[in-house]
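Welcome! Have a look at the chain below and turn it around for a moment. Then we will walk through it together, one part at a time.

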Amino acid sequence: MAAALELFSTRDAEDVSIDDVASAAGASRALVYHYFGGKQELYVAALKSAAEQLESRLRPHEGGRPLDELASGLKRYFDFVEEHAAGFAALLRGGPANRAGEVGEIVDGVRRRLFRLIQKQMRVEDPSPVLRTTLRSWIASVETAGLDWLEHRDVERSTLEKMLVDHMVALLGVAATYDRDVARLLEQLA
């Protein structure tokens, strides 16, 4: 699985063959086919593995202030990004054909669960449309920042994590001008 994730993170899935995976894993082509059936099944299994690893890291450690919990969650998120760069990149990158079907469901499922975790950390039962849009936008920013950091590593990780917490506060500040519930939430977070 590790060999497949590494290959899928650096090349489009269409450009990776079963032979490539077997060679990288030091296994026979027949063995890879035996366990996964084909390249699409292997790709889906690799993405599911990466998604499960990421989600297990993000289980909340409740008890602190919401922004402290958010910062702690970001640290665990970037721990995963750093330790499992191949899985993270494979999970979020991929050709346009890979965004439909099972693969799209895996990626969207991770995003939905992340949304619910953040919602829970902020102690919000039913987010307004403005808050929902704000949180989803922030999740997309964190994903993009993670991919950029992996590619360049020209910002200290701790600085990036702090910047993303501040980014959340800034986004909530903008959203608060459009939604009184978000303004109250922002006051509670301060």
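## A pair in one helix

Being 4 residues apart in helix α9, D166 and K162 are separated by about one helical turn. Helices here are DSSP runs (H or I, at least four residues; strands are E, at least two), numbered from the N terminus. The side chains of D166 and K162 meet in a salt bridge, with 2.9 Å from N to O. A salt bridge is a side-chain nitrogen of Lys or Arg within 4 Å of a carboxyl oxygen of Asp or Glu. D166 counts as partly exposed because its relative accessibility is 39%. For this label, buried means under 20% relative accessible area, exposed means over 50%, and partly exposed is in between (1.4 Å probe, protein chains only).

## What kind of model this is

This is a predicted model, in which local features need pLDDT of at least 70, side-chain atom pairs count only at pLDDT 80 or more, and totals for chains, interfaces and linings use all residues. Residues are numbered from 1 along each chain as its sequence is written, and side-chain values use heavy atoms, with hydrogens and water left out.

How confident is the predictor? The score to know is pLDDT, the predictor's confidence in each residue, from 0 to 100. The protein chain averages a pLDDT of 87, and 96% of the residues score at least 70. Confidence is highest in helix α9 (residues 157-176), at a mean of 97, and lowest in α6, at 76.

The structure holds 15 salt bridges. One of them joins the side chains of D19 and R29, at 2.7 Å from N to O. D19 lies in helix α2 (residues 18-25) and R29 in helix α3 (residues 29-36), so this pair ties together parts that are 10 residues apart in sequence. D19 is partly exposed at 41% relative accessibility, and R29 is partly exposed too, with a relative accessible area of 43%.

Another salt bridge brings together the side chains of D181 and R184, at 2.2 Å from N to O. These two residues are 3 apart in helix α10 (residues 180-189), separated by about one helical turn. D181 counts as partly exposed at 45% relative accessibility, as does R184 at 43%. Elsewhere, salt bridges that share partners join K75, D79, E82, R153, R157 and E161 into one network.

## A charged residue inside

Now find R76, which lies in helix α5 (residues 66-83).

What does the side chain of R76 reach? It comes to the backbone oxygen of R57 at 2.9 Å, and it also makes a polar contact with the side chain of S72, at 2.7 Å. A polar contact is a pair of N or O atoms within 3.5 Å; within protein, one must be able to donate a hydrogen and the other to accept it, and residues adjacent in sequence count only if both atoms are side-chain atoms. Leaving out residues up to four places away in sequence, R76 touches R57, L58, R59, P60 and H61. Contact here means heavy atoms within 4.5 Å.

In helix α7 sits Q119, which counts as buried because its relative accessibility is 13%. The side chain of Q119 reaches the backbone oxygen of E125 at 2.7 Å. Beyond its neighbours within four places in sequence, Q119 is in contact with V124, E125, D126 and P127.

## An enclosed helix and the core

Is helix α6 enclosed or open? Of its 8 residues, 7 are buried, so α6 is largely enclosed by the rest of the structure. The cover over its buried residues includes α1 (2-10), α4 (39-57), α5, α7 (101-121) and α8. L92 belongs to α6 (residues 85-92) and is buried, at 13% relative accessibility.

In soluble globular proteins, nonpolar side chains tend to be buried together. A nonpolar core is a set of buried Ala, Val, Leu, Ile, Met, Phe, Trp, Tyr and Cys residues joined through side-chain atoms within 4.5 Å. Of the 60 residues in the largest such core, F8, Y77, L91, M122 and W138 touch the most other members. Helix α8 (residues 129-152) gives the most to this core, with 9 residues. Not counting residues up to four places away in sequence, W138 touches L70, L74, I118, L164, H167, M168 and L171.
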